[in-house]
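Subject: Structure handover

Hello,

Here is the structure for you to look through. Please open it first, then read my notes below.

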Amino acid sequence: MKLQQLRHFLFVVEEGGFRAAANRANRSQAAISSSIRELEKTLDQRLFEIGNKAVLTPFGESCVPKIQQFLSVYQALEDDLQAIAAGDKGKIRIASVPSLVTKLLPSVLVAYSKKYPDIEIVLIDDNSVGVANRLLTGEVDLALGNCTSINQTDIDFTLLISDPIGVVCLKSNELNSKSSQSKGLKWEQLMTQPFIYNGTCRLLENTPAEALNRKARYTVENITSLFSLLRHDLGITTLPKLAFPSNEPELIWINLIDPSLNRQIGIFKLANKSISPPAQAFYELCIAYVQDNYLL
């Protein structure tokens, strides 16, 4: 039993005759008649009365709603699969470092959701090492984070933003001055201050500023806890600029000029492995959006 035979059967029923069905199918009347005969042979029952081929037999009448239901389900399946193939339906899973979740991703997601309103998006925030591991284990389709945490040859990384590293302290701290705000700070100026180590301080490694990590009084991974310690004047820390809230009332971010460091933020996927059309659409839109709206 072929799909085309079922469609030809319904064409005859809906059009009221074989000639009209042939016109609708863009086939000859003989081809439609042959198709129906083959279907009747497969079913071992006549679908139309003898002598009046447009009149259904009782068996034919009972077949109509079932075939209509089947073709409706099939059409819905075909539409869904085509939509998924075009990136219009489906689900994508994205892991991102928290600073991008609050600063960059919302704008990208707005643009993506307007273009693909039926795509379900699962967003997971983690540190730079965590997002890479989630990608490698297949938990997510795409990841956004810091390329220095990626040394696997099986990850395809595309740079999005070069994010400068700065010093974060209370506005009342002696480090905060008009001079430091305009010129920046050197790592030696920070050595007299209690230092709070956070996950992004890995960026200081293999530089003279690594001495700050070795003298850290506190180690904090959670960004909320980090800001709580900073606001209670328990020390200072270093952070990428994107990780610092733009409307922070008590703290200030001051550029670190010696060493001058940048966190290389990008989007990455597994190399040599295809991703779903919806994920590919997000990947391309994210890159295009950043190129159009951000300066590297």
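Start with Glu 248. This residue is buried, with a relative accessible area of 8%. Keep in mind that the model is predicted.

Which residue does Glu 248 pair with in a salt bridge? The partner is Arg 231, and the closest N and O atoms are 2.8 Å apart. Arg 231 counts as partly exposed, at 34% relative accessibility. Glu 248 sits in the loop between β8 and β9, and Arg 231 in helix α10, so the pair ties together parts that are 17 residues apart in sequence.

The structure holds 8 salt bridges. Here are some others:

- Asp 141 bonds with Arg 93, with the closest N and O atoms 3.0 Å apart. Asp 141 is in the loop between α7 and β3, Arg 93 is in strand β1, and 48 residues separate them. Asp 141 counts as buried because its relative accessibility is 16%, under the 20% cut-off. Arg 93, at 29%, counts as partly exposed.
- Glu 139 meets Arg 134 at 2.5 Å, N to O. Glu 139 is partly exposed, at 35%.

Now the largest pocket. Its volume is about 680 Å³. The lining has 31 residues. Pro 98, Asn 127, Thr 200, Ile 223 and Arg 263 lie nearest the centre. By class, the lining has 12 nonpolar, 13 polar and 6 charged residues. Which element gives the most to this lining? Helix α10 does, with 5 residues. α5, α7 and β10 each supply at least two.

Best wishes

Methods: Residues are numbered from 1 along each chain as its sequence is written. This is a predicted model: local features need pLDDT of at least 70, side-chain atom pairs count only at pLDDT 80 or more; totals for chains, interfaces and linings use all residues. Side-chain values use heavy atoms; hydrogens and water are left out. On a 1 Å grid over the protein atoms alone, a cavity is a set of points where a 1.4 Å probe fits but cannot get out, and a pocket is an open set with protein on both sides within 12 Å along at least five of seven lines; lining residues have an atom within 4 Å of a point. Grid points are joined across faces, edges and corners, and a volume is the space filled by probe spheres set on the points. Helices (H or I, at least four residues) and strands (E, at least two) are DSSP runs, numbered from the N terminus. Ala, Val, Leu, Ile, Met, Phe, Trp, Tyr, Cys and Pro count as nonpolar, Asp, Glu, Lys and Arg as charged, and the others, Gly among them, as polar. A salt bridge is a side-chain nitrogen of Lys or Arg within 4 Å of a carboxyl oxygen of Asp or Glu. Buried means under 20% relative accessible area, exposed over 50%, partly exposed in between (1.4 Å probe, protein chains only).
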